[in-house]
Amino acid sequence: MVGFNWIFVLIAGALILGFFYSLSSVQEKTSTQKVGGEVLSNLKTVLKTSATSPKTFKTVSMPGLEIEFYCKDNISYYSIKGIATYTDLEPIFSLSRFNHPEMQVLITPWYAPFKVLNSISITSKNHAIVFINDSLGVLKGLLEELPSNLSLFIINPSNIAIPQGFDYYTIILSANSSISNEIATRSNPINLPRFGKLIVVNTTDLVNGSVTFYSPTNSNSWQLEGTSNFIGMALLLGAIFSQDKSFYDCNLEKALKVLEVTASVYKQRALMINKSISDSDTCKILYDSNDGLINLLNSLKINSHANKGKIVEIMKNLEHVNSIAIRNGCVSAY
Amino acid sequence: MKTENKIKMKSRKSQFQFFETIGVLIIIFFFIFIGLIFYSKFEKTGFQRFSRQQASKTMIEFVQSITTNPLLSCSSQSVTKAACIDELKALSVAKTTKNFSDYYQKTFGKSTIRLEKFYPENASIVIFNNSIPSANLEKAFIPINSYNPLNDTYNIGVLVIERYYKT
C-alpha cells in the first residue's frame with residue numbers, strides 16, 4: 001500500500017509538472033510572436049511614414065529577428081515569425097531575407113512624368129554593392145545617387161577581387177563596358193560570391209533603359225536570368241536592391257499598377273479642365289487634339305501594363321506638350 | 001482476529017490518506033484554474049488597450065498617407081505642395097472609384113474621406129466612401145488648403161477622415 005501511494009504521487013507530480021511545462025512553452029511561443037508582432041508594427045510605421053518623405057535615407061535599428069520579404073504572383077508581404085503585413089500596392093525593393101541590426105531605408109520618388117509614388121529600397125551594411133570600373137560612363141551618376149553610408153565598392157576589371165565578408169553582393173556593370181559580354185559568360189574562380197547577383201545596366205541617361213540580371217551557379221559562372229526595363233532612377237535603384245529579377249519584376253508590376261490609376265485620375269482631371277476651356281482658346285488644341293494631353297494620359301493609362309516600351313515615349317510627349325501648355329498660360333495637366 | 005482488525009485499520013487509514021491526497025489535488029487545481037481565469041481577464045484587458053493604441057497609431061499613419069498621396073495633393077510640374085488638396089484630383093478620384101475599386105479599397109480601406117471647404121466658398125466633396133455602420137470609428141480633422149486649378153484659387157478647408165475598425 002505504501003508503494004502504491006508513492007506511484008500515485010509520482011504520477012500526479014509528473015502531470016502537474018507536464019501541465020506547467022506546457023503552459024510555459026505556450027507562453028514562450030506567444031511572447032515570441034508578440035515581440036515579432038510589435039517589431040512588425042513598428043517597422044510598418046517606419047516604412048509608412050518614411051514613404052511620405054521623398055529623397056530620404058535613414059538607418060533603423062532592428063532587433064535580432066529575421067524579416068522575410070515576399071513578392072510573387074500578385075501576393076506580396078513582409079513577415080516576422082509568421083506574422084505578415086501585406087504590401088500589395090507598395091513596391092518595396094529588398095532582399096528576400098533581412099537579418100541585420102541596422103536596416104538602411106532609401107526613399108526615392110518615382111516620376112512618370114508626374115509623381116506616382118515614393119519607392120522604398122531596403123538594404124543593410126551586409127549587402128555589398130560593387131561597381132566594376134570599366135567605362136562606367138553614365139553609371140557614375142548612379143554611383144553619386146547612392147548614399148555613402150552603403151557598402152559601396154569600385155573595383156578594377158583587370159583585378160576582379162570581390163571584397164570578402166558580406167552576406168550578399170550586387171555587382172554592377174555598364175553595358176558599354178568592354179568586358180560586359182565576357183564577364184557574364186566566363187568563369188571567375190577568384191572570389192566569386194555565392195550569394196548575390198550581377199546586373200548589366202544598359203542606359204544612356206539613367207532615365208530609362210534595361211537591366212540584365214545574372215545569378216551565380218554552382219560551377220562558378222554566371223547564369224542569365226533575363227532582362228527587365230526600368231523607368232526612372234527609383235526603379236533602377238530598385239533593381240540594385242532587389243533579390244533577383246523575379247522580385248524586381250513583381251515590384252515593378254505594383255509600381256505600374258499605381259501608375260495606371262494615377263494616369264487615370266490625371267486624365268479625368270484633364271477632361272474637367274478641357275470642359276472649362278472655350279473652343280476658341282489655344283489651350284483647347286493642347287488638351288483635346290489627337291496628340292493632346294487627354295489622349296496622352298489615356299495612352300499612359302492603357303500602356304502602363306500592356307506595352308512598357310511605349311511608356312517612356314508617351315512620358316516624353318506628355319512632358320513636352322504640358323510644358324507648351326504652361327508656356328501658353330494653360331492649366332498644367334499635372 | 002486481532003491481526004485481521006489491525007489490517008482492516010491500516011487499510012482504512014491508507015484509504016483515508018488516499019482521499020485526502022485527492023482532495024488536496026482538487027483544491028490545488030481549483031486555485032490554479034481561478035488563477036488562470038484572472039490571468040486571462042488581465043491579458044484580455046491588456047489586449048484591448050493594445051488594440052486601441054494600434055488603432056490610433058494606424059490612424060496617424062493613414063492620415064499622413066492621405067494628405068501626401070499624389071492622387072490628391074496639389075502639385076505643379078511634379079513639385080508637391082504641402083497641406084494642399086487639388087479639388088479636381090479629389091473629384092477625379094471620386095469618379096474613378098468604381099473603375100479601380102480594388103485599388104481604392106486597398107489604399108483607403110474602410111474609411112470615408114471628405115473635403116469640407118469653408119472660406120471663401122462653402123462646399124463639400126466626398127472623395128471616398130466605404131463606411132461600416134456598426135464598427136468603431138476614429139475621426140481626424142486636418143486643416144487644409146483646397147486648390148482649384150481652373151481659376152487658380154485657394155479655399156480654406158478641412159479634410160475629414162473617418163476610419164472604421166472592429167476590435
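In this predicted model, C74(B) and C84(B) are joined by a disulfide, with their sulfur atoms 1.9 Å apart. The torsion about this S-S bond is about -65 degrees, so the disulfide is left-handed. C74(B) belongs to strand β1 (residues 73-76) of chain B and C84(B) to strand β2 of chain B, 10 residues apart.

C71(A) and C250(A) are both buried.

Another disulfide joins C283(A) to C330(A), with 2.0 Å from S to S; at -90 degrees about the S-S bond, this link is left-handed. Because C283(A) lies in helix α6 (residues 282-288) of chain A and C330(A) in the segment after α8 (308-327) of chain A, the pair ties together parts that are 47 residues apart in sequence. C283(A) counts as buried at 6% relative accessibility, and C330(A) is buried at 9%. With the bonded cysteines of chain A numbered in sequence order, the pairing reads 1-2, 3-4.

In total, 13 salt bridges are found over all chains. One of them pairs R269(A) with D86(B), whose closest N and O atoms are 3.0 Å apart. R269(A) lies in helix α5 (residues 245-276) of chain A and D86(B) in strand β2 (residues 79-86) of chain B, so this pair joins two chains. Both R269(A) and D86(B) are buried.

Within chain B, E162(B) meets two partners. Its salt bridge with R114(B) spans 3.6 Å from N to O, linking strand β3 (residues 111-119) to strand β6 (residues 153-165), with the two residues 48 apart in the chain. The salt bridge between K139(B) and E162(B) has an N to O distance of 3.4 Å. Since K139(B) lies in strand β5 (residues 136-148) and E162(B) in strand β6, this pair ties together parts that are 23 residues apart in sequence. E162(B) is buried, at 9% relative accessible area, whereas R114(B) is partly exposed at 21% and K139(B) is partly exposed at 45%. Together with E116(B), the residues R114(B), K139(B) and E162(B) are linked in a network of salt bridges.

Definitions and conventions:
Residues are numbered from 1 along each chain as its sequence is written. Chains are lettered from A and ligands numbered from 1 in the order in which they are written. This is a predicted model: local features need pLDDT of at least 70, side-chain atom pairs count only at pLDDT 80 or more; totals for chains, interfaces and linings use all residues. Side-chain values use heavy atoms; hydrogens and water are left out. A salt bridge is a side-chain nitrogen of Lys or Arg within 4 Å of a carboxyl oxygen of Asp or Glu. Helices (H or I, at least four residues) and strands (E, at least two) are DSSP runs, numbered from the N terminus. Buried means under 20% relative accessible area, exposed over 50%, partly exposed in between (1.4 Å probe, protein chains only). A disulfide is a pair of cysteine sulfur atoms within 2.5 Å.
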